[in-house]
Amino acid sequence: MLRILLLVCCISIGSNGISLAAPASAADSVLQAINRQPEDTQQVQALIEYGCRLFPYQLDKSAAVFMRALRISRQLGYHKGVADFACYYMYIQDMRGQYLQSLFMLKQAVIIYASLKDTLNQVRAISYCGMEYQQMANFPAAAAAYLEALKLADAAKDSASTGMINNYLSDVFISLGDFKKGFNYAAQAYDHGRKLGSNSRMASALLNMGESKSREGNYTAASGYFSRALELGKKAGDQLLVLNALTATGRVYTDLSQHEQSLRTYEKALLISTDDPGLENRMQLYMGYANALYRSGKHLAADIYLRKTITLARQYYAGDELRRAYLAASDNEAAQNHYQRAFQLRKAYEQLNDSLVGNATRLNVQQLEMQYQSEKKDRDLAEKKLQLIQKDLLLQRKNRWIGFIFTGVVLILVVSFLVWQKLLHRHRLQKQQLQTLEVEKTVQVLEAMMQGEEKERTRLSKDLHDGVGGLLSAVKMHFWALKYERTFLQQDKGFNHALSMLDDAIGEVRKTAHNLMPEILSRMGLAGALELFCNNVSHSRELQITFYTSGDMQRFKSNFELSVYRIVQELINNIIKHAHATEALVQLTQHDQLLTITVEDNGVGFENITKSTTGMGLKNLHTRIKSLNGHLTLTAIPGCGTTAYIEFNIAIMQLMEVQPSF
């Protein structure tokens, strides 16, 4: 949907100009009229408008026109023209897969618009930065950009931009799996579109609302939203929205195994897809149609549209779509007993995965090599300076006059060095201040996240303990009353077994409630709370966790103890989810100003630590530990388990005063 909205904006940049279906002769006449204009700001804007009218049917020609507008803007010193170029040229770069280059130019456009105090265009440029982050699946950065643009739009009372940004945020949260927030932002976008009387904006928001419900499994509600989006798209005369509404409806029918309705819906979409120049829309349509055909057992027809999807994905530089198409095509060939072709497609899928990882590895190696070459040049330069100084000393011994000159040169060098050191020191101070601000911001974000998590854990704990626990206890009392009222139940083994299971359920609810809200931290301290948690996890489980601590453990600030407790909880939860371990060890020790924690397991481990530590969960864990003046080291051996070693520098921690209990 992001690309659809951007395409509409590009095409509707101005009310004048040639139509999309204009013949080449008419387009040439418009270009000739532009060429007769003097090279000024008006010609720049005319070229940008003309480039948008050519896009996307004549992509190369459109790109050349945009580049000409950039060249003239630079010659004139027309900074707004440079920024406008970045905002419109980004769509061409996206179709070529040049997301990083587009993001770099858009950031420059943001700076230019800010210096010109052009808030509306600044909002647009920041939003486009969010789009590029989202194309690269950097959802946190995309959300940050959208929220920054949303603040500026709200301050400028730009209702039109606010509605679109809300819809962009909806896409981000849907991609992250937070369907409730995705639905809420889409609903806000729908309200903005309704106030503006824009059927296209309302339809776009309805598509995201339906997508949220579809991802939640509420296909009935999703189908209703998609139907309304289809009606509004038809009223607006927007074939792109109609196409996307039909594609989304077809996916719902496929998920509901209503294959005939799914195929009919996709066939309607195919009839109007011929007029859609957007490769992404057709690619999604073909992929969905191929899946519906595959699920219907029509493997030959599915093969045709999978091939089309692969062709478009290659043309569009859509690596993720191409990878999924390879995998789907492999399954389809295997279903037809074409195992050789299925193997080749599967191999292509694996190679594409490996190539993505290989590109990242090569980039890291190149960066390390560049750093090495830079250090080597610095060493060579230092050695040359030392040789020059030695030669100057020899000349000084031979000739006093040369010595005076050398002394003067040395004084100049010293003064220059001192000035340079002062400037360097000032630069280092500024850099340290920026790093300090970044660390403080990270700590504030983590504290806010932890406070939110603890509030939610407290609420869940109370609900479990007071709600579910109380209800189970009431049921237990009712069963015991029945047991004594009806004596024949006292000898009923099934009834007694049910009472025993009810006791176990009550115990598990209480353990879960106490784990969610560890009040034991305030009473027994970090070591006691962790020991009780390990014992609770080990109870009635295949995983046995041993807790060990040595010596007397001092008490720390409650926030620090709670953070360490949650970190160990998360490591143990990772063992339960991923390690397939039968034994684990948690060791807590304190030596002078160091607090160390070791968490080991005998699970499956993993081969590539660098790749395994790039997940969102472990990144957050590293950041949280670093904000507490700690360091995390992971050691893993395939088939032999994983070891997590954490060190906290507690020199700056204020020991909490232990109050005597009465």
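At which residues does UniProt place the feature "repeat: TPR"? The unreviewed entry puts this feature at residues 203–236 and 243–276; UniProt positions are given in the numbering used here, feature names are shortened, and annotations may be inferred rather than shown by experiment. Over residues 203–236 the chain is 94% helix and 0% strand, with the end C-alpha atoms 9 Å apart.

The model is predicted: local features need pLDDT of at least 70, side-chain atom pairs count only at pLDDT 80 or more, and totals for chains, interfaces and linings use all residues. Residues are numbered from 1 along each chain as its sequence is written, and side-chain values use heavy atoms, with hydrogens and water left out.

The secondary structure comes to 24 helices and five strands, where helices (H or I, at least four residues) and strands (E, at least two) are DSSP runs numbered from the N terminus. Of the 662 residues in the chain, 41% are buried; buried means under 20% relative accessible area, exposed over 50%, and partly exposed in between (1.4 Å probe, protein chains only). Contact means heavy atoms within 4.5 Å. Among contacts between residues at least 6 apart in sequence, 61% join residues at least 24 apart.

Ser-102 is a local example. This residue is placed in helix α6 (residues 99–115) and counts as buried because its relative accessibility is 0%. Leaving aside neighbours within four places in sequence, Ser-102 is in contact with Met-90, Gln-93, Asp-94 and Glu-132.

Aromatic side chains come next. A pair of aromatic rings is described by the distance of the centres and the angle of the planes. Rings of Phe, Tyr and Trp (its six-membered ring) pair if their centres lie within 6.5 Å; planes under 30 degrees apart count as stacked, over 60 as edge-to-face and the rest as tilted. The structure holds twelve aromatic pairs. In one of them, the rings of Tyr-146 and Tyr-168 have centres 5.4 Å apart and planes at 40°, so the pair is tilted. This pair links distant parts of the chain, with Tyr-146 in helix α8 (residues 139–155) and Tyr-168 in helix α9 (residues 159–175), 22 residues apart. Tyr-146 is buried, at a relative accessible area of 0%, and Tyr-168 is buried at 3%.

The rings of Phe-417 and Trp-420 also form a tilted pair, because their planes are at 40°, with the centres 5.8 Å apart. Phe-417 and Trp-420 both lie in helix α19 (residues 400–485), three residues apart, about one turn of the helix. Phe-417 is partly exposed at 45% relative accessible area, and Trp-420 is partly exposed at 46%.

Ring pairs also link Tyr-266, Tyr-286, Tyr-289 and Tyr-305 into a cluster. The charged end of Lys-308 sits over the ring of Tyr-286, 5.4 Å from its centre; a charge sits over a ring if NZ of Lys or CZ of Arg is within 6 Å of the ring centre and within 35 degrees of the ring normal. Lys-213 lies over the face of Phe-183, 4.5 Å from the ring centre.

The strands remain. Two strands pair if DSSP finds at least two bridges between them. Strands β1 (residues 544–549) and β2 (residues 583–591) run parallel and are joined by six bridges, with Gln-544 opposite Glu-583 in β2. Eight bridges join β2 to the antiparallel strand β3 (residues 594–601), where Leu-588 stands opposite Ile-597. β2 and β3 form a hairpin with two residues between them, and Asp-592 in the turn has a positive phi of about 55°.
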